[in-house]
Amino acid sequence: IAQLDSQYREAFVRNTKKGVEIGRLDPRMLTFDIEDLSRQLVIERDDLLQYMGTQVLYDRYFLHDPYAKRVLETPQAFWMRVAKGLALNEKEKKPEYATQFYTVLSTLRFVSSTPTLFHSGTCHPQLASCYLNTVSDSLEHIFKVVSDNAMLSKWSGGIGTDWTSVRATGALIKGTGVESQGVIPFLKVSNDATHAINRSGRRRGAACVY
């Protein structure tokens with residue numbers, strides 16, 4: 001048990017440095033005293049997770065080294081990484097906030113949404129869950145929103161899009177003098193774009209149409 005304890009904490013320090021080295025973690029993560037934070041990991045809290053919960057974290061949420069094809073996190077290292085990421089922009093008492101966030105997360109009193117768990121502390125700290133937007137009745141704006149939604153989906157955001165303003169089937173398009181095919185062809189394009197960005201199965205895109 002003593003050997004596991006030391007190996008667990010050493011792995012946290014080593015893999016934090018490795019994550020920064022390979023560009024998976026924000027270099028500011030090393031501004032924390034990671035040796036001290038490693039001593040604050042409560043390894044017994046791993047037991048709060050059942051087998052399936054641990055497996056889901058391993059498959060979808062733990063950071064990976066894409067070059068060595070190995071996982072860089074254990075459950076407590078994962079919670080601490082999220083906590084540190086949430087505390088990064090604190091101007092005062094940053095380590096204290098990280099510890100407080102870690103305690104709340106690792107005891108499962110509160111668990112952040114998926115984008116936060118994916119990206120906190122990384123080089124692209126997109127922590128927001130959901131986005132709402134409206135499509136204007138122009139071809140340029142329709143495809144701008146499709147492009148915007150693709151980028152939001154790439155970084156794990158759920159999307160709700162209002163298509164109400166797009167003209168109905170049979171309405172005249174003055175510029176070309178033909179009738180509109182309505183919103184459905186564009187919804188097919190939007191759906192295909194969302195479906196194409198599945199983030200390697202970590203979390204498939206989620207888009208709702210209004």
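Mentor: Contact means heavy atoms within 4.5 Å. This is a predicted model, where local features need pLDDT of at least 70, side-chain atom pairs count only at pLDDT 80 or more, and totals for chains, interfaces and linings use all residues. Residues are numbered from 1 along each chain as its sequence is written, and side-chain values use heavy atoms, with hydrogens and water left out.

Trainee: Okay, what share of the contacts with a separation of 6 or more is between residues 24 or more positions apart?

Mentor: In the protein chain, 63% of them.

Trainee: And how much of the chain is buried?

Mentor: Of the 210 residues, 39% are buried, meaning under 20% relative accessible area with a 1.4 Å probe, protein chains only.

Trainee: Which residues touch the most others in the largest nonpolar core?

Mentor: F12, F32 and F78, out of 32 residues in that core. A nonpolar core is a set of buried Ala, Val, Leu, Ile, Met, Phe, Trp, Tyr and Cys residues joined through side-chain atoms within 4.5 Å.

Trainee: Which element gives the most to this core?

Mentor: That's α4, with seven residues. Elements giving two or more include α1 (2–21) and α4 (75–87).

Trainee: What does F32 touch, leaving out residues up to four places away in sequence?

Mentor: L37, K84, A87, L88, K94, P95 and A98.

Trainee: New topic: what are the box dimensions for the C-alpha atoms?

Mentor: Roughly 80 × 40 × 35 Å, taken along the principal axes.

Note on methods: Buried means under 20% relative accessible area, exposed over 50%, partly exposed in between (1.4 Å probe, protein chains only). Helices (H or I, at least four residues) and strands (E, at least two) are DSSP runs, numbered from the N terminus.
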